[in-house]
Amino acid sequence: MRQYPPVHSSIEARSAEVRWRDVVVDGRNAPYGVAGSGSPVVFLHGFGLTHRTYAGAVERLAATGVRVYAPALPGFAGTDALPPHRDGFGGYARWLDRFLDTVGVDGPVMLVGHSFGGGVGIASTHDLGARVSRLVLVNSVGGGAWAPGGPPRELRERPLWRWGASAAVDAVLARTPASAIASIAGDALRNAVRSPATLWRIGELARGADLRVEASRIAERGVPTTMVWSHGDTFIPRASFESLRGALRDPHVHRVPGCHGWLIGDPDSFGRAMTTVLGLPIAPAA
């Protein structure tokens with residue numbers, strides 16, 4: 001297998017304004033943002049949102065000295081949904097492979113995925129081999145476990161109302177600025193109006209995400225992996241985080257204050273966290 005060199009970054013900040021573009025992937029329009037210069041990094045957004053929701057976070061990430069590509073994943077923000085028979089996490093990985101070809105990124109790339117985007121990052125790292133050199137999971141789905149005051153259970157058994165309640169609590173506790181809340185609500189509403197059936201289908205994929213087998217194989221291959229976890233996350237159950245961490249064989253964990261959507265409401269903190277993460281030694285996972 002061809003071995004790519006690791007992604008390096010400078011901690012020196014620089015101008016990194018996001019430029020919004022469109023490309024055609026599989027004959028369909030795909031909006032994306034690009035910012036900064038340096039080694040390529042792909043930022044993968046969360047469920048129900050868009051690449052533009054994270055504009056501040058993308059700019060701060062690019063300011064660490066990397067070139068960030070932030071695509072609107074299929075089913076969101078004007079990128080057509082994947083066909084139903086190909087819309088699992090593996091389908092997203094194949095789409096990302098073609099997106100990278102289209103924008104002229106040969107590899108290697110570092111993947112940074114938040115929430116649902118973390119699940120896409122895990123599947124892509126697993127499926128795309130040496131094309132992915134490093135993985136950073138930010139409050140990611142994929143652990144597949146839930147422990148409601150007792151022994152762990154399958155995450156897909158968690159009632160829908162608990163997901164909704166956790167999202168509401170997260171928004172309040174995070175003290176997310178009104179402008180960010182408006183952006184999140186607007187993006188979610190537009191996605192829902194555009195195709196409610198698609199949003200529901202992808203939501204079910206996210207809700208039951210269990211990527212522990214893929215995570216274990218990523219660890220076996222020695223792909224450098226870092227988990228970024230906020231102490232106050234009530235949306236992704238702690239049991240899911242611990243389960244995913246175990247599957248990845250105890251990778252480095254960078255803990256930050258805040259709730260599930262902390263990087264949207266406080267992109268400066270995300271920039272500082274990524275400066276630390278990118279400065280870590282990139283020894284393979286144990």
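Arg131 counts as buried, at 11% relative accessibility. Buried here means under 20% relative accessible area, exposed over 50%, and partly exposed in between, with a 1.4 Å probe and protein chains only. Arg131 forms a salt bridge with Asp101, and the closest N and O atoms are 2.9 Å apart. A salt bridge is a side-chain nitrogen of Lys or Arg within 4 Å of a carboxyl oxygen of Asp or Glu. This pair links distant parts of the chain: Asp101 sits in helix H2, Arg131 in the loop between H3 and E6, 30 residues apart. Asp101 is partly exposed, with a relative accessible area of 49%.

The model is a predicted one: local features need pLDDT of at least 70, side-chain atom pairs count only at pLDDT 80 or more, and totals for chains, interfaces and linings use all residues. Residues are numbered from 1 along each chain as its sequence is written, and side-chain values use heavy atoms, with hydrogens and water left out.

Now the whole chain. It has 10 helices and 10 strands. Helices (H or I, at least four residues) and strands (E, at least two) are DSSP runs, numbered from the N terminus. Of its 286 residues, 54% count as buried. The chain exposes about 11800 Å², and carbon and sulfur atoms supply 55% of that area. Accessible areas come from the Shrake-Rupley method with a 1.4 Å probe; for residues, only the protein chains shown count as cover. Among contacts with a separation of 6 or more, 77% are between residues 24 or more positions apart. Contact means heavy atoms within 4.5 Å.

Next comes the sheet. Eight strands form an open sheet with mixed pairing, in the order E1-E2-E4-E3-E5-E6-E9-E10. Two strands pair if DSSP finds at least two bridges between them. Strand E1 (19-25) and E10 are the edge strands, each pairing on one side only. Neighbouring strands of the sheet are turned by 25° against each other on average, direction ignored. Inside the sheet, strand E3 (residues 39-44) and strand E4 (residues 66-71) pair in the parallel sense over four bridges. Pro40 stands opposite Arg67 in E4.

Helices pack on this sheet. Helix H1 (residues 55-62) touches E1, strand E2 (28-35), E3, E4 and strand E5 (109-114). The direction of H1 makes about 155° with that of E4. Helix H3 (residues 116-127) touches E3, E5 and E6, and its direction makes about 145° with that of E5. Axes are lines fitted to C-alpha atoms, for helices over the stretch in contact, and angles run from 0 to 180 degrees between N-to-C directions.

What about the interior? In soluble globular proteins, nonpolar side chains tend to be buried together. A nonpolar core is a set of buried Ala, Val, Leu, Ile, Met, Phe, Trp, Tyr and Cys residues joined through side-chain atoms within 4.5 Å. The largest such core has 48 residues; Leu73, Phe89, Tyr92, Trp95, Leu96, Phe99 and Phe116 have the most contacts inside it. Helix H2 (residues 89-103) gives the most to this core, with eight residues. Leaving aside neighbours within four places in sequence, Phe99 is in contact with Val23, Val25, Tyr32, Tyr69 and Pro71. A second, separate core of 29 residues includes Ala16, Val228, Val256 and Ile264.

Back to charged pairs. The structure holds 10 salt bridges. Arg98 forms one with Asp26, the closest N and O atoms being 2.7 Å apart. Arg98 lies in helix H2 and Asp26 in the loop between E1 and E2, so the pair ties together parts 72 residues apart in sequence. Arg98 is partly exposed at 25% relative accessible area, and Asp26 is partly exposed at 44%.

Asp268 forms a salt bridge with Arg60, again with the closest N and O atoms 2.7 Å apart. Asp268 lies in helix H10 (residues 267-278) and Arg60 in helix H1, so this pair ties together parts 208 residues apart in sequence. Asp268 is partly exposed, at 39%; Arg60 is partly exposed, at 27%.

Salt bridges that share partners also join Arg238, Glu242, Arg245 and Asp250 into one network. Asp250 lies in the loop between helix H8 (238-247) and strand E10 (252-256). Asp250 has a positive phi of about 55°, although it is not a glycine. Asn139 is another non-glycine residue with a positive phi, near 45°. Asn139 lies in the loop between strand E6 (132-138) and strand E7 (145-146). Asn139 is buried, with a relative accessible area of 0%.
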